[in-house]
Amino acid sequence: MRAIRHRRRSIPALAALAATAVAAPVLLAATPAAAHPREGRLARELVTDVTARGAYRHLAKFQQIADANGGNRAAGTPGHAASAAYVHDTLKKAGYQVAYQDFDVFEAHTRTERATVLGAAPRELPTAAFTFTPSTPAGGLTAPLALARVDETPGCDAADYPAGAFTGKIALVKRGACTFVEKQKAAAAAGAAGVIVYNHSGTTPVRGGFSSPAEGVIPSAGITLADGEALAAAVAGGEVTVRLELDQEHVKRTTRNVIAETKGGRSDRVVTVGAHLDSVPEGPGINDNGSGSAGLLEVALQLAREGANTKGKGPANKVRFAWWSAEELGLLGSEHYVAQLSARQKKDIALYLNFDMIASPNPVQFVYDGDDSDRTGEGAGPAGSAQIEALINGFLDKKGKPHEGSDFDGRSDYGPFIANGIPAGGTFTGAEGVKTAEQALRYGGTAGAPYDPNYHGAGDTLKNLDLKAFDTNLDVIAHAVGTYAQDLSSLGR
């Protein structure tokens, strides 16, 4: 699961923008009967056949691959390439139609990140270069500061940059309300030569960034809240000159998604299931997201065996499994995949199921809040998302497993599907968030500690998993895939 680098445009807004191009499934009344189709043979058999023991061997393979490739499986590295080959070849042998989908990603290597307030006693500020910022000229960019208007949407639109006041200057902008890309573009449109964003809380510099070098328009960096407020006060009293020095190298690499689908099943009723396969460079990513990747792989293999055991009769609906790359760089693999689809191909996808981090060592059973019943964050998903949530909740209830909602906050690969009007759902067991005392009573584990203390670290290994949570979520995947492969009536398809 990717870390929050900046606020993306709201998911409901993106879905609304796509509504004219992609017809969403008809929203049914959220009744128990509609949300809980009768469990069929395929779902029952998949839940029985898919086990944590079976899926564990894939986790062990991912750990072995990381160990042999510098300790990680990050996008664009040999560790990820070997992981993708393992998934591809395993599914090919099982009889799936399997393909790679290659695309380019970039790495940012910062060599210099410095902002110095000039004057009689020059003062250097703690500074963080934005990911994929353009570099400043040799010797830095020296210019007066100009303060963007601070309101509920600071520095987000043209009105925050008075005409003529920013030409050739460095814009000083407060963090919040819109993306760093939007702030940077607005400052550049006003004539600013660079932008410094100061934090809205805490004591550390803003660590912002852009998705690729193409989004970087002018040199951009972050500073702390205290330094930003002090500069803003000084600018209000007179001219303040800053030298901004940024030197960053952008290295292009090629990485790949793995896409596998059943040979049979209706191609206009596609059940798409995904998990990201890449780790961060800092660790092997066995929970994040070897766990979801291994779970999908094992379900796919058991689904293929079910077809073989029924004399080749496959599911009624085509099932498409996807292992995304570059999720940790900003959902790039899933975004690339969805962007390549025609309007017709998007419409043919009945739903998307996402599984990211399903074996956290201090877990909570989260289910994506498709109906926005929790009334937090980004709102409900596209029509059909409520029914997906209800299906998963109903299954967990039947198993006597506690669960709770999780907002569609855009941190995982459901984002591009929701933005295109495709209903989505899924589970995860927690990242860097802290378990509450109430959650500890419901699920066990340690209150006041992160759900995954090893999130995005070297400790995200085979030794630091909760296999009971893993097993529960494997059952969820198996039940959802088995149900929707045969029956989409709850989604109006």
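Q: Which residues count as being in contact with E298, leaving aside its neighbours within four places in sequence?
A: They are V50, T51, G54, A55, R57, H58 and R305. Each is called a contact because its heavy atoms come within 4.5 Å, which is the cut-off for the term. The model is predicted: local features need pLDDT of at least 70, side-chain atom pairs count only at pLDDT 80 or more, and totals for chains, interfaces and linings use all residues. Residues are numbered from 1 along each chain as its sequence is written, and side-chain values use heavy atoms, with hydrogens and water left out.

Q: Where is E298 placed, and why is it called buried?
A: E298 sits in helix α8, residues 286–309. Helices are DSSP runs of H or I with at least four residues, strands are runs of E with at least two, and both are numbered from the N terminus. Buried means under 20% relative accessible area, exposed means over 50%, and partly exposed lies in between, for a 1.4 Å probe and protein chains only. E298 has a relative accessible area of 2%, so it is buried.

Q: What makes the peptide bond from D288 to N289 cis?
A: Its omega is near 0 degrees. N289 is also found in helix α8.

Q: Is F62 counted as buried or exposed, and how do you know?
A: The relative accessibility of F62 is 0%, so this residue counts as buried. F62 belongs to helix α4. Apart from neighbours within four places in sequence, F62 is in contact with R73, S83, Y86, V87, L277, I286, G290, S293 and A294. L141 is 79 residues from F62 in sequence, and their C-alpha atoms are 45 Å apart in space.

Q: Why is G70 placed in its accessibility class?
A: G70 has 71% relative accessibility and therefore counts as exposed. The residue lies in the loop between α4 (52–67) and α5 (78–93). G70 and P281 are 211 residues apart in sequence, with a C-alpha to C-alpha distance of 9.0 Å.

Q: Why is H456 not called buried?
A: H456 has a relative accessible area of 21%, so it is partly exposed. The residue is in the loop between α13 (437–443) and α14 (467–486).

Q: What joins β1 to strand β2?
A: The two strands run antiparallel and are joined by 3 bridges, β2 being residues 123–125. V117 stands opposite R123 in β2. β1 and β2 form a hairpin with 5 residues between them, and G119 in the turn has a positive phi of about 150 degrees.

Q: Which residues of helix α9 are buried, and what do they pack against?
A: In α9 (residues 332–340), the buried residues are L332, G333, S334, Y337 and V338. They pack against β1, β8, β10 (317–324), α10 (343–348) and α12 (415–419).

Q: How many helices and strands does the protein have, and why is it called as compact as a globular protein of its length?
A: There are 14 helices and 14 strands. The radius of gyration is 24 Å, close to the 23 Å that the globule rule gives for 493 residues, so the protein is as compact as a globular protein of that length. The radius is taken over C-alpha atoms, and the rule is 2.2 Å times the number of residues to the power 0.38.

Q: What fraction of the residues counts as buried, and how much of the accessible surface belongs to carbon and sulfur atoms?
A: Of the 493 residues, 56% count as buried. The accessible surface comes to about 19,200 Å², and 52% of it belongs to carbon and sulfur atoms. The areas come from the Shrake-Rupley method with a 1.4 Å probe.

How values were computed:
Pairing = 2+ DSSP bridges.
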